[in-house]
Amino acid sequence: MSVFKSQFTRALQVIPSDKCDIPYPNVICSGEITNVSGNSIECTSLSFTDLNVQAGDIIYCNAGAAGTVVSVIDENNLELNAIVGGIGDVITIYQG
């Protein structure tokens, strides 16, 4: 009788949230929030258009919050469906 063993190569800590789904563990980018205005964030160290960030991608914040990208406003700004963090917090964007 054979025994099947599963070896997982990628894992992701799940942040419970009513604002987004659990993302695929495919990281698009990571960076620090430099400005917050309502439900939009700015990260001057990232170019969301060059990184192909799209509506529906999921954002995790090191502060323990998660949200979904509603739209890419411009190169450094995203509109989100929820507030995920403040200035200085680190976000990670996963493919939605």
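Predicted model: local features only at pLDDT ≥ 70, side-chain atom pairs only at ≥ 80, totals over all residues.
Okay, one definition before we start: when I say strand, I mean a DSSP run of E of at least two residues, numbered from the N terminus. With that in hand, asparagine 77 sits in strand E6, residues 77-80.

The protein chain has seven strands and zero helices. The chain is 96 residues, and 34% of them count as buried. If you take contacts between residues at least 6 apart in sequence, 65% of those join residues at least 24 apart.

E4, residues 58-61, runs antiparallel to E5, residues 66-74, and three bridges join them. Two of the partners to click on: isoleucine 58 bridges to threonine 68 in E5, and isoleucine 59 bridges to glycine 67 in E5. The hairpin of E4 and E5 has four residues between the strands, and in that hairpin glycine 64 takes a positive phi near 95°.

Next pair over: E5 and E6 are antiparallel too, with four bridges. The hairpin that joins E5 to E6 goes through two residues. If you want a landmark on this pair, serine 71 stands opposite glutamate 79 in E6.

Now, packing. Which residues have the most contacts inside the largest nonpolar core? Those are Ile41, Ile59, Leu78, Ile91 and Ile93, in a core of 15 residues. E4, E6 and E7, which is residues 90-94, each supply at least two residues of this core. There's also a second, separate core of six residues, which includes Ile15, Ile58, Tyr60 and Tyr94. As a reminder, in a regular strand the side chains alternate between the two faces of the sheet.

How are the rings of tyrosine 60 and tyrosine 94 arranged? Their centres are 5.4 Å apart and the planes are at 70°, so the pair is edge-to-face; the cut-off for that label is over 60 degrees. The pair links distant parts of the chain, with tyrosine 60 in E4 and tyrosine 94 in E7, 34 residues apart. Both tyrosine 60 and tyrosine 94 are buried.

Is asparagine 77 buried or exposed? Its relative accessibility is 18%, and since buried means under 20%, asparagine 77 counts as buried. The side chain of asparagine 77 has a polar contact of 2.8 Å with the side chain of aspartate 74. Not counting residues up to four places away in sequence, asparagine 77 touches Ile41, Glu42, Phe48 and Val72.

Last stop is the loop between E3 and E4. Serine 47 is in that loop, and at 13% relative accessibility serine 47 counts as buried. Which side chains does serine 47 reach with polar contacts? One is aspartate 50, at 3.1 Å, and another is glutamate 75, also listed at 3.1 Å. Beyond four places in sequence, serine 47 touches Glu75 and Asn76.

Threonine 49 is in the loop between E3 and E4 as well, but threonine 49 is partly exposed, with a relative accessible area of 46%. Leaving aside neighbours within four places, threonine 49 is in contact with Val72, Asp74 and Glu75. The C-alpha atoms of threonine 49 and aspartate 74 are separated by 7.2 Å, although the two residues are 25 apart along the chain. And aspartate 74 is the residue whose side chain makes that polar contact with asparagine 77.

Definitions and conventions. Residues numbered from 1 in each chain as written. Heavy atoms only, no water. Buried < 20%, exposed > 50% of the residue type's maximum accessible area, 1.4 Å probe, protein only. Polar contact = N/O pair within 3.5 Å; in protein donor to acceptor, adjacent residues only side chain to side chain. Contact = heavy atoms within 4.5 Å. Pairing = 2+ DSSP bridges. Core = buried A, V, L, I, M, F, W, Y, C linked by side-chain atoms within 4.5 Å. Phe/Tyr/Trp six-rings, centres within 6.5 Å; stacked < 30°, edge-to-face > 60°.
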